[in-house]
Amino acid sequence: MATSIRTLVLRVVGDSTRNIHHVLGSRVKHSFCNAGITVCRGYSDGKSTHFGFETVPEEDKAERVYKVFESVAKKYDVMNDAMSLGIHRLWKDTLLHIMNPQPGLRLLDTAGGTGDISFRFLEYTHSMYDRQQRQRARSNQTPSWQDLAGHYKTDEAAPSQSRAVVYDINKEMLKVGKQKAEKAGIGTGLSWVMGDAEELPFDDDQFDIYTIAFGIRNVTHIEQALQEAFRVLKPGGRFLCLEFSKVSNPLLERLYDTYSFQMIPVLGEVIAGDWKSYQYLVESIRKFPDQETFKEMIEGAGFFCVQYFNLTGGIVAIHSGFKL
Amino acid sequence: MMLSRLLRSFLTIHCRRSYTVLTGQQHKSTDSNQYNGQLYPTHIPTNPVQKALLAVGSGVAALQNPYRHDMVAVLGETTGHQALIKLRDRMRNDPEGYTILIERPRIRLSTLDLTQMSALPDGSLGREYLRFLEENRVTPDSRADVKFVDNEELAYVMQRYREVHDLLHTLLGMPTNMLGEVAVKWFEAAQTGLPMCILGATLGPIRLSVSSLQLLLQSLGPWALRSGGRARCVLNIFYERRWEQNLDELRQELNIDPPPLSIFQNRKSTS
């Protein structure tokens, strides 16, 4: 509200020209359909994909997903708590328990956004390291001088060996994540990289664990993301995916659907001021393949021993696979 | 036997239909603007349950944080159906209001000719409106778009009401501080009967200081209520064609008493 009129005039002119382009674009497409000419002609290769229940050209999906997360970034964590009544924390904790990471591993937290998985990973490995140290101390009540000297050498090395890379396509989400890390005082072992899950800027065989939590359904080409995951994992590395999935129980499914379509956009409007982004969220969940289909997709990328664990009746599923 | 089977199938169809109505939005996925029953570009169709949830949620959010103008807007949209119908009928029954409903003018920076307006004489509606916008550093483009009104004409009435708000400030001579806003809200509540205005008018004074509250209750409030009740409907005025009209003359035409002289006038006279 507190901007001068002159700067506003410039912004309004910019907005109106952008609107004109958008309106023209959609009108041109519509007239093509009316004339019976397929949309393919005149556009790239005409491939389209889903954006929630809307059908959009493939090139547009990434940009639209970007805009969704750019607008919800600041209220992302609050909304997660409100929508899932805090249960998303339990889901993420379960992912860590299944992962059971040992200290000294390298994690690639794809679509890591605000950093929830990476923070948990570092906390887990640090506390495991402390526990291991205590056990070692307990079982080693009368250490020799050589043992003590050995301990001093390895003391500082091990905790910082656990490293997590938070990788996300969206700058705003990473910004929020960085602020969270600063506030929580988590610094060592954490790095922030911006990029696309379909094209990882890392060499082959780099990471011990690859996770993608509530992110893979927003990727335009899921198979490509899976192949990239396979590439950057070390042999013996583990792929873990936490994602919304199909509910098996029909009664629960109806309750879940009603809750999703009635409450969640309303919560989005009231808390984040953004109905449409949360409408997209609940629609995109319905468009994602079910547990078995996704398992086959993961196997198709080359992973072995693929299994999935249903949480909360199938609302959420954790898929796991190994690169051998 | 046949009857019970008939009854059962009727019930299941009815239940299925009502279920689809409730979650209807999820089942349509064609690629067009109207795929979910959109009546205007910014329209988001909602069912009564969602509207009730929105009304309650936005009310709580607006009370907690009065700077969330989007929540005040949502509250107005979800609770204002009856009042909007009455407003629309008042507009239809007035010749100028009827013209507005047909032509659908929008007050936006892109539609205003700022250079021409600033060249108008002092005391004219256009010049005073521009002065108000500059002094209070507000812009007509910051009004939220109407989203949850399920009728295209009523949505326009709501949008017009929002865009006329700043002009009301000019007409009433009220600045945009808390006391000025509450005075304008009292006027609007008396004129439009929108539940959101009435709520704002009753809860607004809570945040006022004692001296402001005194001013409100003694002089500004009664004047606002009186003017609001007596004045011609402010939505019926085609402001965009009256920029050259003298402000006092317009006030007389609309039956609005000039504001009682108070400390506010000092701010205006220093410009």
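Figure 1. At 9% relative accessibility, Arg251(B) counts as buried. Keep in mind as you look that this is a predicted model. Its partner in this view is Asp248(B), and the two side chains meet in a salt bridge with an N to O distance of 3.3 Å. Asp248(B) is partly exposed, with a relative accessible area of 48%. Both residues belong to helix 12 (residues 247-254) of chain B and are 3 residues apart, about one turn of the helix. Side chains of opposite charge can pair when their charged atoms come close.

**Figure 2. A loop of chain B meets helix 8.** Here the side chains of Arg104(B) and Glu152(B) form a salt bridge of 3.0 Å, N to O. Arg104(B) lies in the loop between helix 5 (95-103) and helix 6 (114-118), while Glu152(B) lies in helix 8, so this pair ties together parts that are 48 residues apart in sequence. Arg104(B) is partly exposed at 27% relative accessible area, and Glu152(B) is partly exposed at 38%.

**Figure 3. Arg143(B) and its partner Asp166(B).** Where does Arg143(B) lie in chain B? Look in the loop between helix 7 (125-135) and helix 8 (152-172). The side chain of Arg143(B) meets that of Asp166(B) in a salt bridge of 3.0 Å, N to O. This pair links distant parts of the chain, since Asp166(B) sits in helix 8 and the two residues are 23 apart. Is Asp166(B) buried or exposed? Asp166(B) is buried, with a relative accessible area of 3%, whereas Arg143(B) counts as partly exposed at 21%.

**Figure 4. A salt-bridge network in chain B.** Asp94(B), Glu96(B), Arg232(B), Arg242(B) and Glu253(B) are linked in a network of salt bridges. Over all chains, the structure holds 41 salt bridges. If you step back to take in chain B, you will find 13 helices and 0 strands. Of the 271 residues in this chain, 49% are buried.

Figure 5. How many disulfides does the structure hold over all chains? The count is 0. Cys241(A) is in no disulfide, and the nearest cysteine sulfur, in Cys305(A), is 17 Å away. Cys241(A) is buried, with a relative accessible area of 0%. In chain B, the sulfur of Cys233(B) is 12 Å from the closest cysteine sulfur, that of Cys197(B), which is too far for a bond. Cys233(B) counts as buried too, at 3% relative accessibility.

**Figure 6. Two positive phi angles in chain A.** Most residues other than glycine have a negative phi. Asn100(A) has a positive phi, near 45°. You can find Asn100(A) in the loop between helix 4 and strand 3 (106-110), where Asn100(A) is partly exposed at 36% relative accessible area. Cys305(A) also has a positive phi, near 50°. Cys305(A) belongs to strand 8 (residues 304-311) and is exposed, with a relative accessible area of 53%.

**Figure 7. Two surface patches on chain A.** Leu85(A), Ile87(A) and Leu90(A) make a nonpolar surface patch of about 300 Å². Leu85(A) is found in the loop between helix 3 (76-84) and helix 4 (87-99) and is exposed, at 67% relative accessible area. A negative surface patch is formed by Asp290(A), Glu292(A), Glu296(A) and Glu299(A). Glu292(A) is part of helix 12 (residues 291-300) of chain A and counts as partly exposed at 38% relative accessibility.

Definitions and conventions. Residues are numbered from 1 along each chain as its sequence is written. Chains are lettered from A and ligands numbered from 1 in the order in which they are written. This is a predicted model: local features need pLDDT of at least 70, side-chain atom pairs count only at pLDDT 80 or more; totals for chains, interfaces and linings use all residues. Side-chain values use heavy atoms; hydrogens and water are left out. Patches are made of residues with over 30% relative accessible area and no salt bridge: like charges are joined within 9 Å, nonpolar side chains (Val, Leu, Ile, Met, Phe, Trp, Tyr) within 5 Å. Accessible areas come from the Shrake-Rupley method with a 1.4 Å probe; for residues, only the protein chains shown count as cover. A salt bridge is a side-chain nitrogen of Lys or Arg within 4 Å of a carboxyl oxygen of Asp or Glu. Lys and Arg count as positive and Asp and Glu as negative; His and the chain ends are not counted. The place of a charge is taken as NZ of Lys, CZ of Arg, CG of Asp or CD of Glu. Helices (H or I, at least four residues) and strands (E, at least two) are DSSP runs, numbered from the N terminus. Buried means under 20% relative accessible area, exposed over 50%, partly exposed in between (1.4 Å probe, protein chains only). A disulfide is a pair of cysteine sulfur atoms within 2.5 Å.
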